[in-house]
Amino acid sequence: MLSYQHIYHAGNLADVHKHAALAWVLDYLTRKDKPLSYLETHAGRGLYDLAAPEAVKTGEAEAGIARLRAGFAADHPYATLQKKIAAKYGLQAYAGSPLLAAELLRPMDNLHLAELHPQEHEALQAAMIQAGGAQLYRQDGFEMAQSICPPDPRRGLMLIDPSYEVKADYARIPKIIGQLARKWNVGIIILWYPILANTAHQPMETELRQTFADAMLHRQTFPPAREGHGMIGSGLFILNPPFGMEAALAEIAAVFAKAKAH
């Protein structure tokens, strides 16, 4: 299915959860003077205009990054990135994970980005040319990951962030992650998934926890974006979490708690 376009949801509460964690991990990895690989299976367009009619229509960015931005410490990698993106692209610009990675990584690092949707892929190409380039793949992201793993260099991170419009994703993701982890046993693999009121995510979450006992799972719950909206939280499943990840996630959760209290 090629109907999903993230512009309607860019900068929402799930994006803040996911991107703040991703920014922290990339900042951690780039402190060491060794190259790394960044792989993303469902990249999207990379750069979003939060003043676009699609973003304004849902109001999700207004309830997300607009509310939570001030809650991050000024030196948090996510906060630093927000300032950098605003200065480079404008105050209404929001970086998706591919652009976030491109801005935080170094010339020695490799970026591999897959996006199957034709319009999203075209927009991603334009965003990445402006950001400094990456290796782009207009193909199924899981196929890209299987063909590249283990990447060179072996040190690095993969983000798996499908739209879940294809409901079969919930059933097949644990097996796919198992295959990728066997090929790339040193890689950090981060899976994002929605926490749903109808609990459709729960069998996948249970299977992942049973299969990967040493992995880290972090849930961030929040109110639905509007009445009847099925997503009531954001989940991150992290294989080979780096040192300090638990404290970093607790810091992000504190930002959400502070915003909720106000």
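Author: A cavity is a set of grid points where a 1.4 Å probe fits but cannot get out, and its volume is the space filled by probe spheres set on the points. The model discussed here is predicted. With a threshold of 30 Å³ or more, the count comes to one cavity. The volume of the largest cavity is about 40 Å³.

The lining of this largest cavity consists of K18, A21, L22, L159, I190, L236 and I238. By class, six of these residues are nonpolar, none is polar and one is charged. Two elements, helix 1 (13-29) and strand 9 (231-239), each supply at least two residues of the lining. Helix 1 gives the largest share, three residues.

A21 lies in helix 1. A21 counts as buried because its relative accessible area is 3%, and the cut-off for that class is under 20%. Leaving aside residues up to four places away in sequence, A21 touches L236, M245, L249 and I252.

The largest nonpolar core has 87 residues, of which Y38, L157, M158 and L191 touch the most other members. Helix 1 provides the largest share of this core, 11 residues.

Strand 8 pairs with strand 9 in the antiparallel sense over six bridges. Within this pairing, Q220 has S234 of strand 9 as its bridge partner. In a regular strand the side chains alternate between the two faces of the sheet. In strand 8 (residues 216-221), M216, H218 and Q220 form the covered face, whereas L217, R219 and T221 form the uncovered one.

Q220 and T221 bring the account to an open space. Both belong to the lining of the second largest pocket, together with L13, R67, L68, F222, P223, A253, F256, A257, A259 and K260. Helix 4 (65-68), strand 8 and helix 11 (245-261) are the elements that give two or more residues to this lining. The largest share, five residues, comes from helix 11. By class, the lining of this pocket has eight nonpolar, two polar and two charged residues. The space in the second largest pocket is about 200 Å³.

E60 lies in helix 3 (residues 60-63). E60 counts as buried because its relative accessibility is 4%. Beyond its neighbours within four places in sequence, E60 is in contact with Y8, H9, G11, N12, A55, A225, R226 and H229.

Note on methods:
Residues numbered from 1 in each chain as written. Predicted model: local features only at pLDDT ≥ 70, side-chain atom pairs only at ≥ 80, totals over all residues. Heavy atoms only, no water. 1 Å grid on protein atoms, 1.4 Å probe; cavity = no way out; pocket = protein on both sides within 12 Å on 5 of 7 lines; lining within 4 Å. Helix = DSSP H or I, 4+ residues; strand = E, 2+ residues; numbered from the N terminus. Nonpolar A, V, L, I, M, F, W, Y, C, P; charged D, E, K, R; others polar. Buried < 20%, exposed > 50% of the residue type's maximum accessible area, 1.4 Å probe, protein only. Pairing = 2+ DSSP bridges. Core = buried A, V, L, I, M, F, W, Y, C linked by side-chain atoms within 4.5 Å. Contact = heavy atoms within 4.5 Å.
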